[in-house]
Amino acid sequence: MADIKNKSIEALQTELTTARDALRTFRYASAGSRTKNVREGRELRKTIARLLTEVRARSLAKTEKTA
C-alpha cells in the first residue's frame, strides 16, 4: 500500500492499464477452462480498486489546492 502512495500519477496509470489487461486475460482464459488460481481474479480487482482510489484522491486533492 505504501508503494502506491509513492508512485507518480503516470506510473499509477500504467500499472492500472497493466492490471486491467491482466484481468481481461484472466477472464478469457477462465471462460474456456478451469483455472488453478481462482483467487487471482479477486486480487486483480482489489488492485484495480486500490489504484483507482489513489488516482481519485490525488485528483481531488489537486482540485482542492487550486480552489
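Is glutamate 15 buried, partly exposed or exposed? I looked it up: glutamate 15 is partly exposed, because its relative accessibility is 25%. Buried means under 20% relative accessible area, exposed over 50%, and partly exposed in between (1.4 Å probe, protein chains only).

I noted the basis. This is a predicted model, where local features need pLDDT of at least 70, side-chain atom pairs count only at pLDDT 80 or more, and totals for chains, interfaces and linings use all residues. Residues are numbered from 1 along each chain as its sequence is written, and side-chain values use heavy atoms, with hydrogens and water left out.

**Fold.** I found 3 helices and 0 strands. Helices are DSSP runs of H or I with at least four residues, strands are runs of E with at least two, and numbering starts at the N terminus. I read 18% of the 67 residues as buried.

**Salt bridges.** I found 4 of them. The criterion is a side-chain nitrogen of Lys or Arg within 4 Å of a carboxyl oxygen of Asp or Glu. Glutamate 15 pairs with lysine 7 at 2.4 Å, N to O. Lysine 7 is partly exposed, because its relative accessibility is 27%.

Next I checked aspartate 21 and arginine 24, which pair at 2.7 Å, N to O. About one helical turn separates them, because they sit 3 residues apart in helix α2 (residues 9–32).

In helix α3, I looked at arginine 58 and glutamate 54, 4 residues apart. Their closest N and O atoms are 3.0 Å apart. Glutamate 54 counts as buried, because its relative accessibility is 12%. I also saw Lys5, Glu54 and Arg58 linked in a network of salt bridges.
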